[in-house]
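Please report on the fold shown below.

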Amino acid sequence: MMRSILLPLLGMFLFSCNTKPVKDKIETDKTFSVSAENEEMNLAMAKSKATFKEFEAAFKEKKLEDESFAIKIPFHTPNNSVEHIWLGDVFTKENKWYGVVNNMPELTKEVNLGDTIPLDIQGLSDWMYLSKGVLKGGNTIRVIRNQMSTQEKKDFDQSIGFSILE
């Protein structure tokens, strides 16, 4: 049986973009449906898991130029698919990771917008932060962006307020 996964793309910008109020960004957040068998997306998620130490090191160091740390976590949905949601305002307490749900869930009933929850780092699907205005990590974002037309990429890049280097 083919299952799909929902991947919010713009939700991570809720905590990094100051040009629009958070409420407006929530209302315009885009979610993409991707087959659970999508090899490129699965490789991106595997890369995110394998490179989480990079995120962790940057988070612990907290350089002035680093900001907008976020982790994407999968949640089950009533229709047996998976919805991946960005969690921002990430912090650690007693060696456990926590974050705040930054996307309006579309299908999952497991979390709500604004919930602060513990994070299962072993099951993460992506991580990202900005360093001097450049995206670090964000492997699933890159997959979706790479599938956009030239015009869609241009519009997307102009709307996000930071750079994605190839």
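The crossing of α2 and α4 is right-handed; a crossing gets that name if the near helix is turned clockwise from the far one by less than a right angle, and is left-handed if anticlockwise. This is a predicted model, in which local features need pLDDT of at least 70, side-chain atom pairs count only at pLDDT 80 or more, and totals for chains, interfaces and linings use all residues. Residues are numbered from 1 along each chain as its sequence is written, and side-chain values use heavy atoms, with hydrogens and water left out.

**The helix pair**

Helix α2 spans residues 39–50 and helix α4 spans residues 139–146; their axes come within 8 Å and cross at roughly 155°. That makes α2 roughly antiparallel to α4. The cut-offs are under 35 degrees for roughly parallel, over 145 for roughly antiparallel and 65 to 115 for roughly perpendicular, with the rest oblique. Axes are lines fitted to C-alpha atoms, for helices over the stretch in contact, and angles run from 0 to 180 degrees between N-to-C directions. Helices (H or I, at least four residues) and strands (E, at least two) are DSSP runs, numbered from the N terminus.

Which residues meet? From α2 come Glu40, Met41, Ala44, Met45, Lys47 and Ser48, and from α4 come Asn139, Thr140, Val143 and Ile144. The residues of this contact divide into 5 nonpolar, 3 polar and 2 charged. Here Ala, Val, Leu, Ile, Met, Phe, Trp, Tyr, Cys and Pro count as nonpolar, Asp, Glu, Lys and Arg as charged, and the others, Gly among them, as polar. Contact means heavy atoms within 4.5 Å.

Helix α4 is mostly covered, with 7 of its 8 residues buried. The buried residues are Asn139, Thr140, Ile141, Arg142, Val143, Ile144 and Arg145. Buried means under 20% relative accessible area, exposed over 50%, and partly exposed in between (1.4 Å probe, protein chains only).

**Threonine 140**

Threonine 140 sits in helix α4. It counts as buried because its relative accessibility is 0%. Leaving aside neighbours within four places in sequence, threonine 140 is in contact with Met41, Ala44, Met45, Lys72, Trp86, Ser125 and Asp126. With Lys72 there is also a side-chain polar contact, listed in the table. A polar contact is a pair of N or O atoms within 3.5 Å; within protein, one must be able to donate a hydrogen and the other to accept it, and residues adjacent in sequence count only if both atoms are side-chain atoms.

| Side chain | Partner side chain | Polar contact distance |
|---|---|---|
| Threonine 140 | Lysine 72 | 2.7 Å |
| Serine 81 | Threonine 77 | 2.7 Å |
| Serine 81 | Asparagine 79 | 2.7 Å |

**Serine 81**

Where is serine 81 placed? It is in the loop between β3 (66–76) and β4 (82–93). Its relative accessibility is 5%, so serine 81 counts as buried.

Most residues other than glycine have a negative phi. Serine 68 is not a glycine, yet has a positive phi of about 55°. Serine 68 lies in strand β3. At 11% relative accessibility, serine 68 is buried. Glutamate 94 also has a positive phi, near 50°. Glutamate 94 is in the loop between β4 and β5 (96–101). With a relative accessible area of 75%, glutamate 94 is exposed.

Leucine 87 belongs to strand β4. At 0% relative accessibility, leucine 87 is buried. Not counting residues up to four places away in sequence, leucine 87 touches Phe69, Ala70, Ile71, Ile73, Phe75, Gly99, Val100, Val101, Asn102, Ile117 and Leu119. Leucine 87 and asparagine 102 are 15 residues apart in sequence, and their C-alpha atoms are 5.3 Å apart.

Alanine 58 lies in helix α3 (residues 52–61). Its relative accessible area is 8%, so alanine 58 is buried. Beyond residues up to four places away in sequence, alanine 58 touches Asp66, Phe69 and Tyr129. Alanine 58 and serine 131 are 73 residues apart in sequence and 9.4 Å apart, C-alpha to C-alpha.

**The whole chain**

The protein chain has 5 helices and 8 strands. From the N terminus on, the order is β-α-β-α-α-β-β-β-β-β-β-α-α. Of its 166 residues, 48% count as buried. Among contacts with a separation of 6 or more, 57% join residues 24 or more positions apart.
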